[in-house]
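User: I am new to this structure and would like a close look at one part of it, the salt bridges between its side chains. Please take me through them one by one.

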Amino acid sequence: MSRIMKLLVASIMVTSFAVPVTVNAAGQLKVSCSVVVDYVFNGNAAESYQKVFVIEPGLSFDDDFSTFTRQKTFFASTVLDAGNTVVGISYFNDVGVFDAIDFSTKLMLHKKGVAESTSGSHTFSTTAGGTPQREYTINYTLTCKQAKQ
């Protein structure tokens with residue numbers, strides 16, 4: 001994926017998080033999070049992404065863990081929605097010539113100082129040019145806690 005496409009995807013994601021809410025960095029608190037993304041290919045563990053990070057009010061967290069041949073990015077940000085902090089993440093992993101993993105999710109934090117989590121699993125399959133079917137499963141867990149003050 002080109003740098004321009006990467007910027008386009010990030011811009012769309014940031015816009016989608018910001019459109020339905022009122023953003024006010026002054027009303028937000030620092031959020032500490034951990035994320036685990038496990039990528040399973042044809043039933044075998046292929047790659048695990050684990051990161052502990054902090055999002056300061058009004059800022060975002062970006063992690064480009066690309067290799068020489070594959071683009072891999074993780075992005076997280078927060079917005080304020082009706083007085084609650086919402087953490088949004090986006091994960092992209094270029095896993096092959098024809099296939100990429102790309103997902104986003106949000107987690108609303110309801111109480112300051114209390115850890116809250118969301119998790120999910122996505123599976124898809126592909127075939128290309130007569131090659132055997134390939135099955136990809138992505139399992140993720142996002143856990144965040146908003147600072148008490």
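**Salt bridges in the predicted model**

Lys-72 has a relative accessibility of 9% and therefore counts as buried, in a model that is predicted. Its salt-bridge partner is Glu-47, and the closest N and O atoms of the two are 2.8 Å apart. Because Glu-47 belongs to strand 2 (residues 44-55) and Lys-72 to strand 4 (residues 72-81), this pair ties together parts that are 25 residues apart in sequence. Glu-47, for its part, is partly exposed, with a relative accessibility of 22%.

Strand 2 also holds Lys-51, while Asp-63 lies in strand 3 (residues 60-64), so that pair links distant parts of the chain, twelve residues apart. Lys-51 counts as partly exposed at 28% relative accessibility, whereas Asp-63, at 15%, counts as buried.

A further salt bridge joins the side chains of Arg-70 and Asp-94, with an N to O distance of 3.6 Å. Here the partners lie in loops: Arg-70 is in the one between strand 3 and strand 4, and Asp-94 is in the one between strand 5 (84-93) and strand 6 (101-109), so the pair ties together parts that are 24 residues apart in sequence. Arg-70 has a relative accessible area of 25% and is partly exposed, while Asp-94 is buried, at 13% relative accessibility.

The pairs described here are among the four salt bridges counted in the model.

Notes
Residues numbered from 1 in each chain as written. Predicted model: local features only at pLDDT ≥ 70, side-chain atom pairs only at ≥ 80, totals over all residues. Heavy atoms only, no water. Helix = DSSP H or I, 4+ residues; strand = E, 2+ residues; numbered from the N terminus. Buried < 20%, exposed > 50% of the residue type's maximum accessible area, 1.4 Å probe, protein only.
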